[in-house]
Amino acid sequence: INPSNMLLYVAVFCDTFSLSASTRRLMEDAIVKYLSTYEALQGKAEIVFLLDRSGSVGAAHFEEEKGFVESFLTHIVVDVNATRVAVISYSDTTKRHIDYLQSPKTKCILSQEMQDVVFKDSGATNIAAALDEAYEVFRNARPNINKVLVLISDGLATRGGDPVPYAQRLKNSGVEIFCFGIGRALESELELLASSKQHVFSSSGFREFKRLARRIRGDPHEMAWSGGNKPNCDHLCDSPYRGESIDPGCCDHEAVCSCALRSGIHTCVCGPGYYGLSGLMGECKACPVGTYKSKLEPTRSCTPCPGSSTTMKLASTSIKDCVCKEGYTGNPANGIDCKKVTCPPLQP
């Protein structure tokens, strides 16, 4: 595989029955490290997930498939101008639950809408129909953006004919196909569908599949927050005025109820000019003189102005507020250092 052309490389290792617990953990550690450090995960992609909804999966295991999707996306920013995703389930027929390639939304909305993806109308395993539906979704893909298909299946195709031609059509259109099989007997069939043998990963059952999903999720470091789409932070505190017009809410007056674009978690975040790891009422502090904070994000402190410069007030929001101290000249906002003003020597 050429890493420069690949957005993601996640592995659920095959033949799990023959591996010791320590060996499995080492393999999982390698996966988690890869996901948390691979630079391409900070970029843009179009990712389509195909979830097996056949009768053999069952409602409980279908929820684990959904959990795997959310874990898979833990370290990826889902937003209008970042990665866009779609979620399709398949059995006898397909159902397109989420399609952000056509109607882009954020990770915060994705977390909400994933709750509406439920297990029903189960039956046979029609992988061909699932691949065909994915092809239609990728018609709305942005040009020159990586296209990734993640297929999850717990059984061989039993309806819809040979899925290989449908997979080949996707690959011919530039889609990278990864196949995750629940059960070791699937590997040979999935190799015909995936972009290469290295794109096929198997687990012995849903127990290992679920454990890997938890390991992938880990504790992501948030780097992007959104105050749009009216996130709700009422769950963060108890208020005797809940539901009334005088309810002050849970967030500080200088914070915004925001959604983390990686995890999809809603929380109070201190706004520009104010710092604090918590944005709950009373927790946001104004940036001291000589510092500033321009982003909506939780921080322990504000950013100091460049050397020999300061701000003229508290709660500054931009480096443009930094000016040279008395006796110095320069323009910090434009990258010009403040230097001490010197006078020419007096003439006799």
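Visitor: Which strand does β16 join, and how do the two run?

Guide: This is a predicted model, and in it strand β16, residues 328-331, is joined to β17 by 3 bridges. The two strands run antiparallel. One place to look is Tyr-328, which stands opposite Lys-340 in β17.

Visitor: How many residues lie between β16 and β17 in the hairpin?

Guide: The hairpin has 4 residues between its two strands. In the turn, Gly-335 has a positive phi of about 80 degrees.

Visitor: Are Cys-324 and Cys-338 buried or exposed?

Guide: The cut-off needed here is that buried means under 20% relative accessible area. Cys-324 has 18% relative accessibility, so Cys-324 counts as buried. Cys-338 has 10% and therefore counts as buried. Cys-179, at 0%, is buried, whereas Cys-343 is exposed, with a relative accessible area of 68%.

Visitor: How many disulfides are there in the count?

Guide: The count comes to 5 disulfides. Another of them joins Cys-251 to Cys-268, with 2.1 Å from S to S. This link is left-handed, with -80 degrees about the S-S bond. Its two ends are in distant parts of the chain, 17 residues apart: Cys-251 is in the loop between β7 (225-226) and β8 (255-260), and Cys-268 is in strand β9 (residues 266-270). Both Cys-251 and Cys-268 are buried.

Visitor: Why is the disulfide of Cys-287 and Cys-302 left-handed?

Guide: The torsion about its S-S bond is about -80 degrees, so the disulfide of Cys-287 and Cys-302 is left-handed. The pair links distant parts of the chain, 15 residues apart: Cys-287 is in the loop between β11 (285-286) and β12 (291-292), while Cys-302 is in the loop between β12 and β13 (303-304). The sulfur atoms of Cys-287 and Cys-302 are 2.0 Å apart. Both cysteines are buried.

Visitor: Now the aromatic rings. How many aromatic pairs does a search of the whole structure find?

Guide: Again, the idea first. A pair of aromatic rings is described by the distance of the centres and the angle of the planes. In this structure the search finds 1 aromatic pair. Phe-62 and Phe-119 form it, at 5.7 Å centre to centre and with 50 degrees between the planes, and the pair is tilted. It links distant parts of the chain, 57 residues apart: Phe-62 is in helix α2 (residues 58-72), and Phe-119 is in the loop between α3 (107-113) and α4 (127-138). Phe-62 has 0% relative accessibility and so counts as buried, whereas Phe-119, at 22%, counts as partly exposed.

Visitor: Which helix does Phe-138 lie in, and what is Phe-138 in contact with?

Guide: Phe-138 lies in helix α4. Its relative accessible area is 7%, so Phe-138 is buried. Leaving aside neighbours within four places in sequence, its contacts include Glu-46, Val-48, Leu-101 and Leu-170. Val-48 is 90 residues from Phe-138 along the chain, yet their C-alpha atoms are separated by 8.1 Å.

Visitor: What do the totals for the chain come to?

Guide: The chain has 7 helices and 17 strands. Of its 348 residues, 47% are buried. Among contacts with a separation of 6 or more, 65% are between residues 24 or more positions apart. The accessible surface comes to about 17,400 Å², and 51% of it belongs to carbon and sulfur atoms.

Visitor: Where does pLDDT stay under 50?

Guide: Where pLDDT is low, the predicted coordinates should not be read in detail. In this chain the value stays under 50 over residues 1-20, for which the model has 61 contacts beyond four places in sequence. It also stays under 50 over residues 216-221, with 16 such contacts. The mean pLDDT of the chain is 80, and 76% of the residues reach 70 or more.

Note on methods. Residues numbered from 1 in each chain as written. Predicted model: local features only at pLDDT ≥ 70, side-chain atom pairs only at ≥ 80, totals over all residues. Heavy atoms only, no water. Disulfide = S-S within 2.5 Å. Buried < 20%, exposed > 50% of the residue type's maximum accessible area, 1.4 Å probe, protein only. Pairing = 2+ DSSP bridges. Contact = heavy atoms within 4.5 Å. Areas by Shrake-Rupley, 256 points an atom, 1.4 Å probe, with all protein chains shown as cover. pLDDT = per-residue confidence, 0-100. Phe/Tyr/Trp six-rings, centres within 6.5 Å; stacked < 30°, edge-to-face > 60°.
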